[in-house]
Amino acid sequence: MTTIDLPLLPLGRGKDLSAERGVECPGDLPAASDPDLVARAAAAKAALGERVFILGHHYQRDEVVEFADVMGDSFKLAKDAAARPEAEFIVFCGVHFMAESADILTGDDQKVILPDLAAGCSMADMARLGQVEDAWDALTDAGVVDLVVPITYMNSSADIKAFCGKHDGAVCTSSNADVALEWAFAQKGPDTKVLFFPDQHLGRNTAVLKLGYSLADCIVWNPLLPNGGNTVDELRAAKVILWKGHCSVHGRFTAEVVDELRATVPDVQILVHPECAHEVVLKADLVGSTEFIINTVEAAPPGSVWAIGTELNLVKRLAAAHPDQKIVFLDKTVCYCSTMNRIDLPHLVWALESLVEGTVVNQIRVDGETERWAKVALQRMLDLPGRSSRD
Ligand code: 13P
Ligand code: SF4
C-alpha cells in the first residue's frame with residue numbers, strides 16, 4: 001500500500017492560534033469514564049465555597065448544568081457575573097464570547113474561567129476584526145461611511161464589540177435587536193444605514209419583520225469579496241448591510257420540516273429563535289430569544305403542542321420539565337451546538353480541582369483598551385429605551 005503525504009494539516013496548525021485555542025487541554029483531564037466525576041465536581045465546588053460562582057448557559061449539557069449556580073442566556077449571565085463582585089472565580093459554562101463579556105463586566109480582581117478553550121462560536125468567528133475594518137474602509141471609499149451605524153450581536157468577539165464602541169455603534173442581543181436597530185436608525189438622520197454583524201438572519205428578521213423594512217432594503221456583505229460583493233450603487237441604496245454570517249445550529253431548521261410537522265402533528269405551534277433563516281421564521285407561529293422560548297413554554301397551558309427550533313439541550317430540558325405538554329425538536333436529526341457541548345464534566349472537574357489546588361486555568365482576559373471600548377458599546381445597549389436586556 002502506498003501512503004500519500006497530504007499537504008493539508010488539521011486546522012493549519014500554528015497558522016491561526018486564535019482558531020486553534022483549546023485544541024489541546026493544558027492539563028490532566030480526568031477520564032470521561034471516571035465514576036467519581038460527579039462526586040469530584042461536588043467536592044471541588046464545596047471546597048471553593050463562596051470563592052467560585054458557576055454560570056451555565058441554557059444550551060449546556062445536563063451534566064454541567066447540575067453544578068451551575070445560575071442559568072441564563074448570554075446577556076443575563078454577563079449581568080449575573082457582574083452582580084457577584086465577591087466571587088474570586090467566575091467559571092463560565094458557555095462559549096468564548098460569553099466569557100469575554102463576563103470579563104468585561106466583572107471587576108479587575110475577578111478571574112473568568114472557560115473550562116474548555118475550544119468552546120468557541122462558529123458564528124462569532126465569521127466576523128474577524130480585520131475583515132470588519134476592511135468593510136469599513138470600503139464603505140469609506142464608497143462615500144457612505146458617515147451614514148453607517150455598526151451594530152454587533154452579543155455573539156461576537158470583544159474586539160468587534162470594541163469596534164462598535166469606537167464607531168458610535170452598539171451591541172444587541174436577540175431580545176433587544178429591534179430596539180437597538182430603532183436606536184441606530186435614529187442616529188444619523190433619515191439616510192442612516194446599519195451595518196449588522198455577524199448574524200445575517202437576526203439582522204434580516206429584525207429589520208424586515210419588526211421594523212418594516214423590505215427585503216430589497218437589505219444587502220448581504222460577503223467579507224471575502226470586494227465591496228462585500230456589492231456595487232457602489234447598491235451600497236448607497238441599502239438601508240441594512242447584513243454581514244454574511246450565520247449560526248450553524250439554527251441554520252439547520254428548514255421550511256420543509258415546518259410544513260411536514262403542520263401536516264402531521266395536530267395543533268402544533270412552531271416556536272423558533274430569530275437566528276433561523278427568514279423563510280423558517282416566516283412560517284413560525286412565534287419567534288424570540290432563548291429566554292422568550294423558555295418563558296413561552298412555561299406560560300403555556302397543559303396539552304400545548306410545540307415544535308421548537310433552537311439548541312437541542314435546551315429543547316430536551318424543556319420537554320422533560322413540561323411532561324404535560326408535547327414538545328418536539330424542529331429538526332429530523334440530532335443537532336447540538338458542538339462548541340457549547342465542549343464543556344463537559346471532565347473539563348469542569350479539571351477547572352474546579354485546579355482552582356482548589358491554587359492554579360487558575362483557562363482564564364479569559366480581555367485587554368484594557370478593548371475592554372474600555374467594548375464596555376462603551378455594551379453600555380449603549382444597556383441605555384437603550386424600553387427593553388434593554390431581555391423581555
Ligand atoms: P442567547 O443570546 O439567547 O444566550 O443565545 C446565544 C446563542 O448562542 C444563540 O445561538
Ligand atoms: Fe454560536 Fe450557534 Fe452555538 Fe449559539 S448555537 S454558540 S450562535 S454556534
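## Surroundings of the ligands

The model is predicted: local features need pLDDT of at least 70 and side-chain atom pairs count only at pLDDT 80 or more, while totals for chains, interfaces and linings use all residues. Residues are numbered from 1 along each chain as its sequence is written, and chains are lettered from A and ligands numbered from 1 in the order in which they are written.

Around ligand 1 stand Asp73, Ser74, Met154, Asn155, Thr173, Ser174, Cys247, Glu275, Ser289 and Thr290. The class division here is 2 nonpolar, 6 polar and 2 charged residues. Domain 2 (124–246 + 373–382) and domain 3 (250–329) each supply at least three residues to the shell of ligand 1.

## Overall form and domains

The protein contains 15 helices and 13 strands; these are DSSP runs numbered from the N terminus, helices being H or I of at least four residues and strands E of at least two. Its C-alpha trace spans about 65 × 65 × 55 Å along the principal axes.

Three domains divide the protein: domain 1 (38–120 + 339–360), domain 2 (124–246 + 373–382) and domain 3 (250–329), with bounds from an automatic or database domain assignment. The C-alpha centres of domains 1 and 3 are 28 Å apart. Their contact involves 6 residues from domain 1 and 7 residues from domain 3, two residues being in contact if their C-beta atoms, placed from the backbone, lie within 7 Å. On the domain 1 side, the touching residues comprise 2 nonpolar, 2 polar and 2 charged.

## Buried elements

Buried residues account for 45% of the 391 residues. A residue is buried if 20 or more other C-beta atoms, placed from the backbone, lie within 10 Å of its own, exposed if 12 or fewer, and partly exposed in between. In helix 4 (residues 96–105), 10 of the 10 residues are buried. Among the elements that cover helix 4 are strand 1 (52–57), helix 3 (74–82) and helix 15 (368–382).

Trp350 belongs to helix 14 (residues 345–356) and counts as buried because it has 23 C-beta neighbours inside 10 Å. Leaving aside neighbours within four places in sequence, Trp350 is in contact with Gly27, Leu29, Pro30 and Pro115. The C-alpha atoms of Trp350 and Asp28 are separated by 7.4 Å, although the two are 322 residues apart along the chain.

## Strand 13

Strand 13 (residues 326–329) has Ile327 and Phe329 on a covered face, and Lys326 and Val328 on an uncovered one. In a regular strand the side chains alternate between the two faces of the sheet. Strand 12 (residues 305–309) pairs with strand 13 in the parallel sense over 4 bridges, pairing requiring that DSSP finds at least two bridges. Within this pairing, Ala307 has Val328 of strand 13 as its bridge partner.

Key:
Near = placed C-beta within 6 Å. Nonpolar A, V, L, I, M, F, W, Y, C, P; charged D, E, K, R; others polar.
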